[in-house]
Amino acid sequence: TRFRWHTVLWAVCAATLVNHLIAVVVGNVVTQVLPLAWIKLAAAVSFVIFALWTIRGDSLDGGAQGGGRGPFWTVAIAFFIVEMGDKTQLMTIALAAEEAVRTGGVGWAAKARQIVPVWMGTTCGMLIADAFGIVVGIGLHKHIPETAIKWIAALCFAGFGLLGLHEALDLLL
């Protein structure tokens, strides 16, 4: 609600392209080394941390134009950081690992067949969801106090974090 919707969407697009490329590459390589249960545990803990962070609040008002960064870079950097380790990124890693196993092969052409479809598919899905979120966010901001939105978001983060902890601990124990 602080920046123009199209600036936010373009920034989200840029951040998502980079974030999901990293996730697909990681999923293509790292899931062969790390157990998925530990990845899920780290994601769940990060959701609980995001809940606490949401309650505490951010200070985008002064920092949005500070340091030579305009709205595009402020949103792109913030979105990129927040998306690191979230369920979308973990799902992208899992899909990439599945695709790597399904298609197999070695060499750059095989890796491209494994990486590009997952990267583009998850990026498009994220942009559709975020465009919907931007529209709903603009509408909610006009009718619901920001404090209420903040607490609802914090409760959602905490709920998903606790569910993720339960799922991860079930896998580990």
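## A buried threonine

Thr92 is buried in this predicted model, because its relative accessible area is 1%, which falls under the 20% limit used for that word. Thr92 belongs to helix 5, the run of residues 87-103, and, when neighbours within four places in sequence are left aside, Thr92 touches His20, Ala23, Val24, Val118 and Thr122.

## The largest nonpolar core

The largest nonpolar core is built from 12 residues, namely Phe3, Val8, Ala11, Val12, Cys13, Ala15, Val75, Ala76, Phe79, Met126, Leu127 and Ile134. Two or more residues of this core are given by each of helix 1, helix 4 (71-83) and helix 6 (108-143), and the largest share, 5 residues, is supplied by helix 1.

Val8, one of the core residues, is in contact with Phe3, Val75 and Ile134 once its neighbours within four places in sequence are set aside.

Val18, Ile22 and Met84 together make a nonpolar surface patch of about 220 Å². Ile22 sits in helix 1, which covers residues 5-29, and Ile22 counts as partly exposed because its relative accessibility is 34%, a value that lies between the limits of 20% for buried and 50% for exposed.

## Confidence in the model

The protein has an average pLDDT of 82, and 90% of the residues score at least 70. Among the elements of the protein, helix 1 has the highest mean pLDDT, 90, whereas helix 3 (residues 60-63) has the lowest, 46. Over residues 60-66 the pLDDT is below 50, and in the model this stretch has 12 contacts beyond near neighbours in sequence.

Methods: Residues are numbered from 1 along each chain as its sequence is written. This is a predicted model: local features need pLDDT of at least 70, side-chain atom pairs count only at pLDDT 80 or more; totals for chains, interfaces and linings use all residues. Side-chain values use heavy atoms; hydrogens and water are left out. Patches are made of residues with over 30% relative accessible area and no salt bridge: like charges are joined within 9 Å, nonpolar side chains (Val, Leu, Ile, Met, Phe, Trp, Tyr) within 5 Å. Accessible areas come from the Shrake-Rupley method with a 1.4 Å probe; for residues, only the protein chains shown count as cover. A salt bridge is a side-chain nitrogen of Lys or Arg within 4 Å of a carboxyl oxygen of Asp or Glu. Helices (H or I, at least four residues) and strands (E, at least two) are DSSP runs, numbered from the N terminus. Buried means under 20% relative accessible area, exposed over 50%, partly exposed in between (1.4 Å probe, protein chains only). Contact means heavy atoms within 4.5 Å. pLDDT is the predictor's confidence in each residue, from 0 to 100. A nonpolar core is a set of buried Ala, Val, Leu, Ile, Met, Phe, Trp, Tyr and Cys residues joined through side-chain atoms within 4.5 Å.
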